[in-house]
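Trainee: I should like to work through this structure with you, one question at a time. May we begin once it is displayed?

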Amino acid sequence: MKILRLITTLIAGLSLVALVEAKDHQGKDYIQENGYQGPATCEVCHPGTAQAFLGTVHWKHASKVNHVENLDPKQEYGMKNRVYTMCNGNDIVNNLKEIPPSPTTGKTKFTGCNTCHPGNHLQDVGSTGPEAEAAIDCLVCHSTAYDFSQRKPYKDAQGRVAIGQDRSTKAALAIGKPAPKNCMVCHDSAGGGALVKRGFAFTAASDVHAAKSMVCVDCHKAKDHRIPTGYDPNNWAHDGVRISCSDCHSEKPHKDADTNRHTARIACQTCHIPRTGGAFAKDFTHWEQLSDKFYEPTTLRKETNETTPVYAWYNKTVANRPDFIGPKGTRKDVRSKIYPFKIFQGKAYFNKLDGKLLSMDFAPPMATGNTLAGVASAANILGIKNYVPVPGWQTIYFGSNHQVAPKDKALTCYNCHAPNGSLNFQELGYTSKEIKKLTSPETYFNKIAEKMREEW
Amino acid sequence: MRKVLPSSIALALFTASLVTICSPAQAAEVKMIATIERIELKEKSATVTLKDTKSDKHVSVTVNDDLTLDKLRDKRILEGDEIRLKYDDATGVATYFRKTAGC
């Protein structure tokens with residue numbers, strides 16, 4: 001039952017701080033005695049865990065995708081192979097490597113999309129078998145004492161590029177369910193910097209659930225490491241499990257019947273997540289030089305709460321074209337609801353011959369700023385022989401599903417039913433006659449007047 | 001003909017007046033991109049010395065928000081990292097402290 005789940009979550013949340021410290025992991029004595037030998041140690045008591053993990057999105061960075069247009073239903077898609085303008089590279093073309101030396105300083109560094117993978121790069125995205133199982137970094141998600149400075153790329157004795165892990169017994173003695181920082185070590189640095197990609201902070205000040213001491217996995221409860229997700233138009237790969245606000249709350253959670261009536265056509269997020277943030281535009285055709293003389297894609301960003309979302313109908317199927325990735329849906333389509341989105345626009349090279357977006361290997365431009373060399377390297381990796389690169393823009397709609405504001409900051413009647421309100425009724429498909437009605441105080445006047453009388 | 005003040009200007013004036021009223025109490029906020037040279041962790045705060053990438057000047061700031069402190073403790077932020085930094089130049093307390101780079 002929903003109420004039950006809500007209450008359990010809340011109780012678990014409130015007591016969490018105490019519990020995590022107090023309730024020791026039951027494998028602790030064993031690990032103390034035998035040390036930590038990687039997943040094999042965990043397998044002693046949690047058999048099959050590593051193998052199951054290899055089948056998940058967090059290991060494969062891909063899955064079959066059936067809600068996005070213009071894809072092959074037999075193929076798998078994800079950060080492994082996607083080409084879009086938030087990250088113009090992917091695990092394949094922008095595979096972790098040492099970049100050419102900077103012509104100015106002679107220094108090199110490592111870069112690659114697959115640094116956000118809980119393997120060691122020698123066992124990379126989507127690898128299988130006993131060696132892959134042994135390479136999983138269980139502790140990056142499960143230890144509260146993880147030394148993150150160990151998780152950096154280096155060259156091993158054979159000159160192969162690997163990613164380090166903290167496999168110390170100290171870290172393995174501090175096991176629990178993942179804390180927000182374990183998730184955020186990857187999720188808040190995606191897209192080229194802190195809070196750039198999705199632009200959501202998970203702090204007491206920014207989210208009512210965080211304020212109640214809830215953590216990511218209170219909502220993203222996982223079984224067999226299949227972490228549930230929703231329908232952000234830009235999150236394609238999934239493990240077949242979904243979450244939504246109404247897993248815990250009901251579809252009609254308000255005392256007020258007028259507000260409850262709106263949930264038929266308006267998603268919870270629309271009223272409850274009034275702000276978003278992060279990067280809103282990026283240029284992959286011109287990289288800017290940083291103080292260390294390396295180059296980065298030029299990025300325009302805002303704070304996590306500085307962007308007003310754009311609202312659009314969404315039926316949980318996704319438009320996917322070279323110039324646009326975003327929600328499909330209309331007012332007429334009864335499966336559609338109005339959702340909030342963060343709009344991001346990215347400039348990159350498109351192939352004039354077929355109109356498709358080209359991808360980029362970041363190593364060349366990072367060293368020299370030469371972005372066309374990055375495109376050439378990616379084309380070479382993918383075996384694309386004929387292409388004519390022309391710069392162009394792509395618009396992406398990111399779902400806005402976190403940073404739930406305190407209830408008194410939720411959008412209410414007069415935020416929407418006003419001529420300069422939060423929603424653009426015309427773009428949402430309402431007629432002039434309807435708009436006249438929808439933007440009139442008539443819709444809420446008596447109700448709000450009464451509320452104000454009560455409050456004062 | 002007399003016009004009513006457009007609300008945007010009225011708001012701007014109002015905001016400006018607020019800022020003026022408040023400003024004597026507030027010190028200037030300094031903004032820079034800087035590289036971490038040294039991190040000294042204490043019980044409830046950290047003192048971080050950085051080098052401004054534009055001027056090469058050294059600054060020392062106090063970090064006392066829990067989220068950043070935690071990142072310093074478990075070494076998600078390290079010496080050598082480049083930081084987008086804002087701090088209050090009267091107190092030396094960092095109000096914004098984030099790594100510039102990401103994957």
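Trainee: Is Lys75(B) buried, partly exposed or exposed?

Mentor: The model is a predicted one, and the class follows from the computed accessibility. Buried residues lie under 20% and exposed ones over 50%. Because the relative accessibility of Lys75(B) is 36%, the class is partly exposed.

Trainee: Which residue of chain A pairs with Lys71(B) in a salt bridge?

Mentor: Side chains of opposite charge can pair when their charged atoms come close. Here the closest N and O atoms are 3.2 Å apart. Lys71(B) lies in helix H2 of chain B, and the partner in the loop between H9 and helix H10 (208-211) of chain A. At 13% relative accessibility the partner is buried; it is Asp188(A).

Trainee: Which residue of chain A meets Arg98(B) in a salt bridge?

Mentor: This pair also crosses between chains, with Arg98(B) in strand S5 (residues 94-99) of chain B and the partner in strand S8 (residues 295-307) of chain A. The N to O distance is 3.2 Å. The partner is Glu303(A).

Trainee: Which residues are joined into one network by salt bridges that share partners?

Mentor: Over all chains, the search finds 24 salt bridges. Those that share partners link a set with members from both chains: Lys181(A), Asp70(B), Asp74(B) and Arg76(B).

Trainee: Against which helices do the buried residues of H9(A) pack?

Mentor: Helix H9 of chain A spans residues 180-187, and its buried residues are Lys181(A), Asn182(A), Met184(A) and Val185(A). They pack against one helix from each chain: helix H7 (138-142) of chain A and helix H2 (66-73) of chain B.

Trainee: How many disulfides does the structure hold?

Mentor: A disulfide requires two cysteine sulfur atoms within 2.5 Å. For Cys141(A), the nearest cysteine sulfur is that of Cys183(A), 6.1 Å away. For Cys271(A), the nearest is that of Cys416(A), at 5.8 Å. Over all chains, the number of disulfides is zero.

Trainee: Which residues does Thr47(B) touch, not counting those up to four places away in sequence?

Mentor: Thr47(B) is in strand S2 (residues 46-52) of chain B and is buried, because its relative accessibility is 14%. Its C-alpha atom is separated by 5.7 Å from that of Val61(B), 14 residues apart along the chain. The residues touched are Arg38(B), Ile39(B), Glu40(B), Lys42(B), Ser60(B) and Val61(B).

Trainee: What pattern does chain B follow along its sequence?

Mentor: Chain B has 103 residues, of which 30% are buried. Its elements are two helices and five strands. Read along the sequence, the pattern is α-β-β-β-α-β-β.

Trainee: What average pLDDT does chain B have, and what share of its residues scores at least 70?

Mentor: Residues 1-5 of chain B stay under 50, and residues 9-25 are also below 50. Where pLDDT is low, the predicted coordinates should not be read in detail. For the chain, the average is 80, and the share scoring at least 70 is 71%.

Note on methods:
Residues numbered from 1 in each chain as written. Chains lettered and ligands numbered in written order. Heavy atoms only, no water. Buried < 20%, exposed > 50% of the residue type's maximum accessible area, 1.4 Å probe, protein only. Helix = DSSP H or I, 4+ residues; strand = E, 2+ residues; numbered from the N terminus. Contact = heavy atoms within 4.5 Å. pLDDT = per-residue confidence, 0-100. Salt bridge = Lys/Arg side-chain N within 4 Å of Asp/Glu carboxyl O.
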